[in-house]
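Visitor: I would like to learn how to read charged pairs and ring pairs in a model. Please take me through the features in turn.

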Amino acid sequence: DEVVEAYRVPENKISVIHNFVDTKRFDRKRVGDEAEREKSYLGINAQKVVFLFLGTGYKRKGLKQTLEAFSKIEIDSCLLIIGRDSHLDDYKKMAEELGVISDCRFLGESSRPEIYFSIADCYVLPALYEPFGFTVIEALSCGTPVVTSENCGAKEVLCPHVSSVINKDIDIEQLAAAMLKWG
């Protein structure tokens, strides 16, 4: 859509080849034991709903909006935040101001995202801009439903029975409702 709009290329002149996912690596069954150990290490009980936000560049990926929506959810849940950002302390302060810091785990970077996708009940990526978003299909490969936005290119490959796509403006109420649907 961006190429058509920016360069006035006719749609019929464009072929889209979607990204792939390594289904051997991103497989909940294969990493299930490791995921359970990590969940136990983090002190997450079986009744707690686990939301996951994963990415680098928290502003563009929508962590602010995720925290705001998470603060509106009134179920026993936690939010795992994996990745890095140069303004990490600002996001921690925001979580504290929203009253959800005790339910948020800022875990830093991980070379094993498949473990966290397998722990999560719902992956949340309300991106302000994301050309595709490999993490969306990686989460799905692990059997984890996804909430993303119309600003994420991966929306083109999503189906309503495994995901929710919210509006471009990232309406917080809509985001919270989508998270609750999968949580």
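Visitor: What should I know about the source before reading any values?

Guide: This is a predicted model, in which local features need pLDDT of at least 70 and side-chain atom pairs count only at pLDDT 80 or more, while totals for chains, interfaces and linings use all residues. Residues are numbered from 1 along each chain as its sequence is written, and side-chain values use heavy atoms, with hydrogens and water left out.

Visitor: How many salt bridges does a search of the whole structure find?

Guide: A salt bridge is a side-chain nitrogen of Lys or Arg within 4 Å of a carboxyl oxygen of Asp or Glu. The search of the whole structure gives 9 salt bridges. One of them joins Arg112 to Glu34, with the closest N and O atoms 2.8 Å apart. This pair links distant parts of the chain, 78 residues apart: Arg112 is in the loop between β3 (104–108) and α6 (113–119), and Glu34 is in helix α2 (residues 28–41). Helices (H or I, at least four residues) and strands (E, at least two) are DSSP runs, numbered from the N terminus.

Visitor: Why does Arg112 count as partly exposed?

Guide: Buried means under 20% relative accessible area, exposed over 50%, and partly exposed in between, with a 1.4 Å probe and protein chains only. Arg112 counts as partly exposed because its relative accessibility is 29%. Glu34 has 28% relative accessibility, so Glu34 counts as partly exposed.

Visitor: Which residue forms a salt bridge with Lys61?

Guide: Glu130 does, with closest N and O atoms 3.0 Å apart. Glu130 sits in the loop between β4 and α7 and Lys61 in helix α3, so the pair links distant parts of the chain, 69 residues apart. Lys61 counts as buried, because its relative accessibility is 12%. Glu130 also meets Arg60 in a salt bridge (3.1 Å, N to O). Arg60 lies in helix α3 (residues 58–61) and Glu130 in the loop between β4 (122–125) and α7 (134–141), so this pair ties together parts 70 residues apart in sequence. Glu130 is buried, with a relative accessible area of 9%, whereas Arg60 is partly exposed at 34%.

Visitor: Which residues are linked in a network of salt bridges?

Guide: Arg25, Glu34, Arg112 and Glu114 are linked in such a network.

Visitor: What is the nearest side chain of opposite charge to Glu138?

Guide: For charge, Lys and Arg count as positive and Asp and Glu as negative; His and the chain ends are not counted. Glu138, in helix α7, is buried yet has no salt bridge, and the nearest side chain of opposite charge is Arg25, 5.8 Å away. Contact means heavy atoms within 4.5 Å. Not counting residues up to four places away in sequence, Glu138 touches Val21, Phe26 and Phe117.

Visitor: How many aromatic pairs are there?

Guide: Rings of Phe, Tyr and Trp (its six-membered ring) pair if their centres lie within 6.5 Å; planes under 30 degrees apart count as stacked, over 60 as edge-to-face and the rest as tilted. The count by this rule is 6 aromatic pairs. Phe26 and Phe117 form a tilted pair, because their ring centres are 6.2 Å apart and their planes are at 55°. Phe26 lies in the loop between α1 (2–7) and α2 and Phe117 in helix α6, so the pair ties together parts 91 residues apart in sequence. Phe26 and Phe117 are both buried. Ring pairs link Phe26, Phe117 and Tyr123 into a cluster.
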